[in-house]
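This briefing covers a helix pair, a ligand site and some backbone details. Please read it beside the structure.

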Amino acid sequence: MKGFEHLQAELDQMKEKGTFRQLVEIESDQGPYVTINGKQVIQLSSNNYLGLTTHPKLKQAALKAVEEFGAGTGSVRTIVGTFSMHQELERRLAEFKHTEAALVFQSGFTANVGVLSALLDDKDVVISDAWNHASIIDGIRLTKAARRIYKHSDMADLEQALKETQQYRTRLIVTDGVFSMDGDVALLPEIVELAEKYNAMVMVDDAHASGVFGSNGRGTVDHFDLNGRVHIQVGTLSKAIGVLGGYVASTQTVRDYLIHRGRPFLFSTSHPPAVTAACIAALDVLLEEPQLIDKLWDNTRFFKAGLQSLGFNTGNSESPVTPVIVGDGAKAMLFSDRLLQEGVMGTGIAYPTVPEGTARVRTIVTAAHSQEDLQKALHIFEKVGKELNII
Ligand code: PMP
(Lines give C-alpha, C1' and ligand atoms only; values in the text may rest on other atoms or scores of the structure.)
Protein backbone atom coordinates (compact mmCIF):
# COMPACT_ATOMS: atom_id res chain seq x y z
CA MET A 1 0.00 0.00 0.00
CA LYS A 2 1.30 3.46 -0.84
CA GLY A 3 1.77 6.19 1.78
CA PHE A 4 4.16 7.21 4.56
CA GLU A 5 7.21 6.78 2.30
CA HIS A 6 9.06 9.46 4.28
CA LEU A 7 8.60 7.41 7.45
CA GLN A 8 10.03 4.33 5.77
CA ALA A 9 12.99 6.45 4.61
CA GLU A 10 13.64 7.50 8.21
CA LEU A 11 13.47 3.87 9.36
CA ASP A 12 15.88 2.86 6.60
CA GLN A 13 18.29 5.52 7.85
CA MET A 14 18.09 4.05 11.36
CA LYS A 15 18.90 0.63 9.91
CA GLU A 16 21.97 2.08 8.19
CA LYS A 17 23.11 3.72 11.43
CA GLY A 18 22.52 0.55 13.44
CA THR A 19 19.93 2.16 15.75
CA PHE A 20 16.83 0.37 14.42
CA ARG A 21 15.45 -1.92 17.11
CA GLN A 22 13.37 -5.07 16.99
CA LEU A 23 11.11 -5.63 19.98
CA VAL A 24 12.63 -8.18 22.35
CA GLU A 25 10.25 -11.05 23.06
CA ILE A 26 10.20 -12.46 26.58
CA GLU A 27 9.03 -16.06 26.63
CA SER A 28 8.91 -16.48 30.43
CA ASP A 29 7.76 -14.46 33.42
CA GLN A 30 9.63 -11.25 34.28
CA GLY A 31 12.08 -12.59 36.83
CA PRO A 32 15.83 -12.19 37.51
CA TYR A 33 16.33 -14.59 34.58
CA VAL A 34 14.13 -14.46 31.49
CA THR A 35 13.87 -16.63 28.41
CA ILE A 36 14.67 -14.88 25.12
CA ASN A 37 14.96 -16.86 21.85
CA GLY A 38 14.67 -20.04 23.89
CA LYS A 39 17.66 -19.17 26.06
CA GLN A 40 17.77 -18.17 29.73
CA VAL A 41 19.54 -14.85 30.27
CA ILE A 42 20.07 -12.56 33.26
CA GLN A 43 17.52 -9.77 33.12
CA LEU A 44 19.14 -6.40 33.83
CA SER A 45 16.70 -4.19 31.98
CA SER A 46 13.37 -4.41 33.74
CA ASN A 47 11.94 -1.93 36.23
CA ASN A 48 10.95 -4.83 38.45
CA TYR A 49 13.05 -3.39 41.30
CA LEU A 50 11.71 -5.54 44.10
CA GLY A 51 10.87 -8.65 42.11
CA LEU A 52 7.15 -8.09 42.70
CA THR A 53 6.04 -9.03 39.15
CA THR A 54 6.19 -12.66 40.27
CA HIS A 55 5.60 -12.31 44.03
CA PRO A 56 3.19 -15.06 45.20
CA LYS A 57 1.03 -12.58 47.14
CA LEU A 58 0.47 -10.42 44.07
CA LYS A 59 -0.25 -13.41 41.85
CA GLN A 60 -2.72 -14.86 44.33
CA ALA A 61 -4.47 -11.50 44.76
CA ALA A 62 -4.79 -11.18 40.98
CA LEU A 63 -6.18 -14.71 40.56
CA LYS A 64 -8.70 -14.22 43.37
CA ALA A 65 -9.82 -10.91 41.90
CA VAL A 66 -10.43 -12.50 38.50
CA GLU A 67 -12.50 -15.25 40.09
CA GLU A 68 -14.59 -12.85 42.15
CA PHE A 69 -14.81 -9.77 39.95
CA GLY A 70 -14.04 -10.90 36.41
CA ALA A 71 -11.51 -9.97 33.77
CA GLY A 72 -12.49 -6.38 33.08
CA THR A 73 -14.55 -3.50 34.46
CA GLY A 74 -16.52 -2.55 31.37
CA SER A 75 -16.49 1.18 31.98
CA VAL A 76 -14.49 4.29 32.71
CA ARG A 77 -14.19 5.21 36.38
CA THR A 78 -16.67 8.11 36.15
CA ILE A 79 -19.52 6.02 34.70
CA VAL A 80 -19.68 2.57 36.31
CA GLY A 81 -16.03 1.49 36.31
CA THR A 82 -15.21 2.33 39.93
CA PHE A 83 -15.19 -0.86 42.02
CA SER A 84 -14.68 -0.75 45.78
CA MET A 85 -11.14 -2.03 45.29
CA HIS A 86 -10.23 1.01 43.14
CA GLN A 87 -11.18 3.32 45.98
CA GLU A 88 -9.43 1.08 48.51
CA LEU A 89 -6.19 1.24 46.52
CA GLU A 90 -6.41 5.04 46.42
CA ARG A 91 -7.01 5.26 50.18
CA ARG A 92 -4.06 2.95 50.73
CA LEU A 93 -1.81 5.01 48.44
CA ALA A 94 -2.73 8.27 50.18
CA GLU A 95 -2.00 6.72 53.56
CA PHE A 96 1.28 5.27 52.27
CA LYS A 97 2.40 8.60 50.80
CA HIS A 98 1.21 10.62 53.83
CA THR A 99 -1.08 12.75 51.66
CA GLU A 100 -4.74 13.70 51.98
CA ALA A 101 -5.84 11.81 48.88
CA ALA A 102 -4.68 9.87 45.83
CA LEU A 103 -6.08 9.06 42.40
CA VAL A 104 -5.03 6.18 40.15
CA PHE A 105 -4.54 6.59 36.41
CA GLN A 106 -4.12 3.84 33.83
CA SER A 107 -0.35 4.39 33.72
CA GLY A 108 2.37 6.65 35.04
CA PHE A 109 2.45 8.20 31.60
CA THR A 110 -1.22 9.14 31.63
CA ALA A 111 -0.94 10.35 35.23
CA ASN A 112 1.66 12.94 34.22
CA VAL A 113 -0.23 13.92 31.08
CA GLY A 114 -3.54 14.09 32.96
CA VAL A 115 -2.24 16.13 35.87
CA LEU A 116 -0.29 18.71 33.91
CA SER A 117 -2.94 19.21 31.24
CA ALA A 118 -5.75 19.55 33.80
CA LEU A 119 -4.27 21.61 36.61
CA LEU A 120 -2.65 24.43 34.65
CA ASP A 121 -4.03 27.02 32.24
CA ASP A 122 -2.87 30.20 30.53
CA LYS A 123 -2.57 32.12 33.80
CA ASP A 124 0.05 29.63 35.02
CA VAL A 125 3.61 28.62 34.27
CA VAL A 126 5.31 25.26 34.48
CA ILE A 127 9.02 25.18 35.27
CA SER A 128 10.50 21.86 34.23
CA ASP A 129 13.90 20.12 34.50
CA ALA A 130 15.43 19.58 31.05
CA TRP A 131 15.81 15.84 31.68
CA ASN A 132 12.24 15.16 32.78
CA HIS A 133 10.47 12.10 31.42
CA ALA A 134 8.67 12.16 28.07
CA SER A 135 5.27 11.95 29.80
CA ILE A 136 5.99 15.21 31.64
CA ILE A 137 7.09 16.81 28.39
CA ASP A 138 3.90 15.66 26.67
CA GLY A 139 1.78 16.84 29.60
CA ILE A 140 3.42 20.25 29.32
CA ARG A 141 2.71 20.31 25.57
CA LEU A 142 -0.97 19.83 26.34
CA THR A 143 -1.28 22.71 28.80
CA LYS A 144 -2.01 26.28 27.88
CA ALA A 145 0.42 27.33 30.59
CA ALA A 146 3.63 29.17 29.82
CA ARG A 147 6.73 26.99 30.12
CA ARG A 148 10.29 27.46 31.21
CA ILE A 149 12.78 24.58 31.02
CA TYR A 150 15.72 24.81 33.45
CA LYS A 151 19.08 23.13 32.89
CA HIS A 152 19.22 19.69 34.44
CA SER A 153 19.45 19.98 38.25
CA ASP A 154 20.87 23.51 37.88
CA MET A 155 19.58 25.38 40.91
CA ALA A 156 20.89 28.77 39.72
CA ASP A 157 18.91 28.37 36.50
CA LEU A 158 15.84 27.26 38.44
CA GLU A 159 16.10 30.33 40.68
CA GLN A 160 16.44 32.53 37.60
CA ALA A 161 13.30 30.93 36.16
CA LEU A 162 11.44 31.61 39.41
CA LYS A 163 12.55 35.25 39.38
CA GLU A 164 11.42 35.69 35.78
CA THR A 165 7.96 34.22 36.25
CA GLN A 166 6.61 36.05 39.30
CA GLN A 167 3.60 37.44 37.42
CA TYR A 168 1.93 34.04 36.96
CA ARG A 169 -0.88 32.76 39.21
CA THR A 170 0.42 29.24 39.78
CA ARG A 171 4.06 28.39 39.23
CA LEU A 172 4.63 24.68 39.25
CA ILE A 173 8.15 23.28 39.37
CA VAL A 174 8.19 19.74 37.95
CA THR A 175 10.97 17.22 38.37
CA ASP A 176 11.58 13.51 38.17
CA GLY A 177 12.57 12.20 41.63
CA VAL A 178 15.08 9.79 40.06
CA PHE A 179 16.03 10.56 36.47
CA SER A 180 15.17 7.52 34.44
CA MET A 181 18.12 7.35 32.05
CA ASP A 182 20.97 8.37 34.38
CA GLY A 183 19.73 7.29 37.77
CA ASP A 184 20.67 10.56 39.47
CA VAL A 185 18.38 11.95 42.16
CA ALA A 186 16.69 15.37 42.00
CA LEU A 187 18.03 18.00 44.40
CA LEU A 188 14.66 17.98 46.08
CA PRO A 189 15.54 19.79 49.33
CA GLU A 190 17.03 22.68 47.33
CA ILE A 191 14.08 22.69 44.92
CA VAL A 192 11.60 22.83 47.80
CA GLU A 193 13.58 25.65 49.49
CA LEU A 194 13.51 27.67 46.28
CA ALA A 195 9.82 26.96 45.75
CA GLU A 196 9.05 28.20 49.25
CA LYS A 197 11.23 31.29 48.82
CA TYR A 198 9.45 32.24 45.58
CA ASN A 199 5.98 31.00 46.50
CA ALA A 200 5.90 28.28 43.85
CA MET A 201 4.56 24.72 43.99
CA VAL A 202 6.42 21.46 43.44
CA MET A 203 5.47 18.28 41.59
CA VAL A 204 7.72 15.21 41.78
CA ASP A 205 7.47 12.20 39.49
CA ASP A 206 8.71 9.35 41.66
CA ALA A 207 8.28 6.63 39.03
CA HIS A 208 11.77 5.26 39.69
CA ALA A 209 11.85 6.18 43.38
CA SER A 210 8.65 4.62 44.74
CA GLY A 211 9.48 1.27 46.25
CA VAL A 212 13.16 2.23 46.15
CA PHE A 213 13.78 5.40 48.24
CA GLY A 214 12.29 6.45 51.58
CA SER A 215 10.90 4.36 54.42
CA ASN A 216 9.23 1.23 53.00
CA GLY A 217 9.76 2.73 49.54
CA ARG A 218 7.66 5.85 50.05
CA GLY A 219 9.80 7.78 47.57
CA THR A 220 12.10 10.79 47.45
CA VAL A 221 9.78 13.12 49.37
CA ASP A 222 9.92 10.82 52.37
CA HIS A 223 13.63 10.07 51.78
CA PHE A 224 14.45 13.78 52.09
CA ASP A 225 12.02 14.29 54.96
CA LEU A 226 9.88 16.67 52.92
CA ASN A 227 6.46 15.24 53.72
CA GLY A 228 3.86 18.03 53.55
CA ARG A 229 6.11 20.35 51.52
CA VAL A 230 5.67 18.84 48.03
CA HIS A 231 2.26 19.56 46.52
CA ILE A 232 1.96 16.76 43.99
CA GLN A 233 3.61 13.35 43.99
CA VAL A 234 3.16 11.21 40.91
CA GLY A 235 4.10 7.58 41.11
CA THR A 236 3.80 4.48 39.01
CA LEU A 237 2.42 1.08 39.85
CA SER A 238 4.27 -0.38 36.87
CA LYS A 239 7.84 -0.51 38.17
CA ALA A 240 8.73 -1.42 41.77
CA ILE A 241 5.06 -2.12 42.50
CA GLY A 242 5.28 -4.74 39.77
CA VAL A 243 1.92 -4.35 38.07
CA LEU A 244 0.51 -1.46 36.00
CA GLY A 245 -0.76 2.06 36.57
CA GLY A 246 0.11 5.50 37.78
CA TYR A 247 -1.16 7.68 40.60
CA VAL A 248 -1.25 11.18 41.93
CA ALA A 249 -0.92 11.67 45.68
CA SER A 250 -1.89 15.17 46.73
CA THR A 251 -4.77 17.08 48.33
CA GLN A 252 -8.46 16.25 48.23
CA THR A 253 -8.93 19.30 45.99
CA VAL A 254 -6.47 17.96 43.43
CA ARG A 255 -8.08 14.52 43.50
CA ASP A 256 -11.60 15.92 43.10
CA TYR A 257 -10.51 18.26 40.34
CA LEU A 258 -8.75 15.48 38.40
CA ILE A 259 -11.85 13.28 38.64
CA HIS A 260 -13.69 16.06 36.77
CA ARG A 261 -10.98 17.32 34.46
CA GLY A 262 -8.19 14.72 34.16
CA ARG A 263 -8.81 13.59 30.60
CA PRO A 264 -7.05 10.19 30.59
CA PHE A 265 -8.87 9.41 33.87
CA LEU A 266 -12.22 10.50 32.46
CA PHE A 267 -12.07 8.95 29.03
CA SER A 268 -10.26 5.63 29.41
CA THR A 269 -11.51 2.43 31.03
CA SER A 270 -10.48 1.61 34.59
CA HIS A 271 -7.98 -1.07 35.55
CA PRO A 272 -9.12 -4.70 35.52
CA PRO A 273 -9.71 -6.19 39.01
CA ALA A 274 -6.56 -8.33 38.75
CA VAL A 275 -4.42 -5.22 38.34
CA THR A 276 -5.94 -3.30 41.21
CA ALA A 277 -5.96 -6.24 43.62
CA ALA A 278 -2.31 -7.01 42.82
CA CYS A 279 -1.37 -3.37 43.48
CA ILE A 280 -3.06 -3.50 46.89
CA ALA A 281 -1.16 -6.71 47.66
CA ALA A 282 2.08 -4.96 46.59
CA LEU A 283 1.49 -2.20 49.14
CA ASP A 284 1.10 -4.91 51.80
CA VAL A 285 4.42 -6.40 50.68
CA LEU A 286 6.18 -3.02 50.92
CA LEU A 287 5.02 -2.71 54.51
CA GLU A 288 5.61 -6.35 55.48
CA GLU A 289 8.85 -7.12 53.63
CA PRO A 290 11.11 -4.04 53.78
CA GLN A 291 14.06 -6.47 53.54
CA LEU A 292 13.38 -6.55 49.78
CA ILE A 293 14.37 -2.88 49.61
CA ASP A 294 17.54 -3.58 51.61
CA LYS A 295 18.38 -6.40 49.20
CA LEU A 296 17.79 -4.12 46.20
CA TRP A 297 20.26 -1.60 47.63
CA ASP A 298 22.86 -4.28 48.54
CA ASN A 299 22.65 -5.58 44.98
CA THR A 300 22.82 -2.05 43.56
CA ARG A 301 26.00 -1.22 45.50
CA PHE A 302 27.58 -4.56 44.59
CA PHE A 303 26.86 -4.28 40.87
CA LYS A 304 27.70 -0.59 40.53
CA ALA A 305 31.02 -1.05 42.32
CA GLY A 306 31.76 -4.07 40.12
CA LEU A 307 31.13 -2.14 36.90
CA GLN A 308 33.20 0.79 38.12
CA SER A 309 36.14 -1.36 39.16
CA LEU A 310 36.12 -2.90 35.67
CA GLY A 311 36.53 0.63 34.32
CA PHE A 312 33.04 1.27 32.91
CA ASN A 313 31.60 4.78 32.94
CA THR A 314 28.43 4.66 35.05
CA GLY A 315 27.82 8.42 34.99
CA ASN A 316 26.29 10.06 38.05
CA SER A 317 23.91 7.33 39.08
CA GLU A 318 22.81 7.33 42.73
CA SER A 319 20.10 4.71 42.38
CA PRO A 320 19.59 1.19 41.02
CA VAL A 321 19.32 2.72 37.52
CA THR A 322 22.92 2.33 36.39
CA PRO A 323 23.88 3.40 32.88
CA VAL A 324 26.97 1.97 31.23
CA ILE A 325 27.81 4.86 28.94
CA VAL A 326 29.63 4.09 25.69
CA GLY A 327 28.90 7.24 23.64
CA ASP A 328 28.19 6.12 20.08
CA GLY A 329 24.64 4.90 19.33
CA ALA A 330 25.59 2.03 17.04
CA LYS A 331 28.24 0.86 19.51
CA ALA A 332 25.72 0.84 22.36
CA MET A 333 23.39 -1.32 20.26
CA LEU A 334 26.23 -3.69 19.36
CA PHE A 335 27.24 -3.85 23.04
CA SER A 336 23.68 -4.76 23.97
CA ASP A 337 23.44 -7.42 21.22
CA ARG A 338 26.71 -9.04 22.28
CA LEU A 339 25.71 -8.99 25.96
CA LEU A 340 22.53 -10.81 25.02
CA GLN A 341 24.42 -13.44 23.04
CA GLU A 342 26.59 -14.00 26.11
CA GLY A 343 23.63 -14.23 28.49
CA VAL A 344 22.75 -10.75 29.79
CA MET A 345 19.75 -8.65 28.78
CA GLY A 346 20.95 -5.02 28.91
CA THR A 347 19.02 -2.64 26.66
CA GLY A 348 20.90 -0.25 24.41
CA ILE A 349 19.58 3.31 24.58
CA ALA A 350 20.56 5.98 22.08
CA TYR A 351 19.47 9.36 20.73
CA PRO A 352 16.75 10.70 20.89
CA THR A 353 16.03 8.99 24.25
CA VAL A 354 19.38 10.28 25.56
CA PRO A 355 21.51 13.14 24.15
CA GLU A 356 23.67 12.39 21.09
CA GLY A 357 27.08 11.02 22.13
CA THR A 358 25.85 9.53 25.44
CA ALA A 359 24.40 6.24 24.19
CA ARG A 360 24.48 3.51 26.76
CA VAL A 361 23.38 0.15 28.00
CA ARG A 362 21.07 0.88 30.92
CA THR A 363 21.08 -1.66 33.73
CA ILE A 364 18.75 -2.10 36.68
CA VAL A 365 19.39 -4.82 39.21
CA THR A 366 16.51 -6.15 41.29
CA ALA A 367 16.04 -7.58 44.76
CA ALA A 368 15.37 -10.91 43.06
CA HIS A 369 18.94 -11.25 41.76
CA SER A 370 21.50 -13.12 43.82
CA GLN A 371 25.05 -11.83 44.08
CA GLU A 372 26.13 -14.90 42.07
CA ASP A 373 23.82 -13.79 39.25
CA LEU A 374 25.35 -10.33 39.36
CA GLN A 375 28.90 -11.68 39.50
CA LYS A 376 28.11 -13.75 36.42
CA ALA A 377 26.75 -10.64 34.71
CA LEU A 378 29.90 -8.69 35.62
CA HIS A 379 32.08 -11.38 33.99
CA ILE A 380 30.03 -11.06 30.81
CA PHE A 381 30.26 -7.25 30.89
CA GLU A 382 34.02 -7.57 31.28
CA LYS A 383 34.37 -10.00 28.36
CA VAL A 384 32.18 -7.97 25.96
CA GLY A 385 33.52 -4.62 27.19
CA LYS A 386 37.09 -5.69 26.39
CA GLU A 387 36.09 -7.19 23.05
CA LEU A 388 34.50 -3.88 21.97
CA ASN A 389 37.28 -1.72 23.47
CA ILE A 390 34.90 -0.07 25.91
CA ILE A 391 37.21 -0.89 28.82
N1 PMP B 1 7.75 8.80 34.67
C2 PMP B 1 9.00 8.32 34.58
C3 PMP B 1 10.11 9.11 35.17
C4 PMP B 1 9.22 7.09 33.95
O5 PMP B 1 10.46 6.59 33.85
C6 PMP B 1 8.12 6.36 33.44
C7 PMP B 1 8.29 4.99 32.80
N8 PMP B 1 9.09 4.94 31.70
C9 PMP B 1 6.86 6.92 33.54
C10 PMP B 1 6.70 8.13 34.18
C11 PMP B 1 5.67 6.22 32.97
O12 PMP B 1 5.24 5.21 33.82
P13 PMP B 1 4.34 4.02 33.26
O14 PMP B 1 5.26 3.01 32.68
O15 PMP B 1 3.59 3.55 34.45
O16 PMP B 1 3.45 4.62 32.23
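In this predicted model, the axes of helix H4 (residues 108–119) and helix H9 (residues 252–261) come within 10 Å and cross at roughly 95°. H4 is therefore roughly perpendicular to H9, a label that covers angles of 65 to 115 degrees. Local features need pLDDT of at least 70 and side-chain atom pairs count only at pLDDT 80 or more, while totals for chains, interfaces and linings use all residues. Residues are numbered from 1 along each chain as its sequence is written, and side-chain values use heavy atoms, with hydrogens and water left out.

**Helix pair**
- Axes are lines fitted to C-alpha atoms, for helices over the stretch in contact, with angles from 0 to 180 degrees between N-to-C directions.
- Helices (H or I, at least four residues) and strands (E, at least two) are DSSP runs numbered from the N terminus.
- On the H4 side, Gly114, Val115, Ala118 and Leu119 meet Val254, Tyr257, Leu258 and Arg261 of H9, where contact means heavy atoms within 4.5 Å.
- The contact of H4 with H9 comprises six nonpolar, one polar and one charged residues; Ala, Val, Leu, Ile, Met, Phe, Trp, Tyr, Cys and Pro count as nonpolar, Asp, Glu, Lys and Arg as charged, and the others, Gly among them, as polar.

**Ligand site**
- The ligand has 15 residues around it, of which Gly108, Asp205, Thr236, Ser238 and Lys239 come nearest; a residue is near if one of its heavy atoms lies within 4 Å.
- H4 gives the most to this shell, with three residues.
- By class, the shell holds two nonpolar, ten polar and three charged residues.
- A polar side-chain atom of Asp205 lies 2.5 Å from a nitrogen atom of the ligand.
- Backbone atoms also take part: a backbone N or O atom of Gly108 is 2.8 Å from a ligand oxygen atom, and a polar backbone atom of Phe109 is 2.9 Å from an oxygen atom of the ligand.
- On its own the ligand has 400 Å² of accessible area, and the protein covers 83% of that (Shrake-Rupley method, 1.4 Å probe).

**Backbone details**
- Most residues other than glycine have a negative phi, and most peptide bonds are trans.
- Asn216, in the loop between strand E7 (201–205) and helix H8 (220–223), has a positive phi of about 55°.
- Asp225, in the loop between H8 and strand E8 (232–236), has a positive phi of about 60°.
- Tyr351 and Pro352 are joined by a cis peptide bond with omega about 10°, and Pro352 lies in the loop between strands E12 (347–349) and E13 (359–364).

How values were computed: A polar contact is a pair of N or O atoms within 3.5 Å; within protein, one must be able to donate a hydrogen and the other to accept it, and residues adjacent in sequence count only if both atoms are side-chain atoms. Angles under 35 degrees count as roughly parallel, over 145 as roughly antiparallel, 65 to 115 as roughly perpendicular and the rest as oblique.
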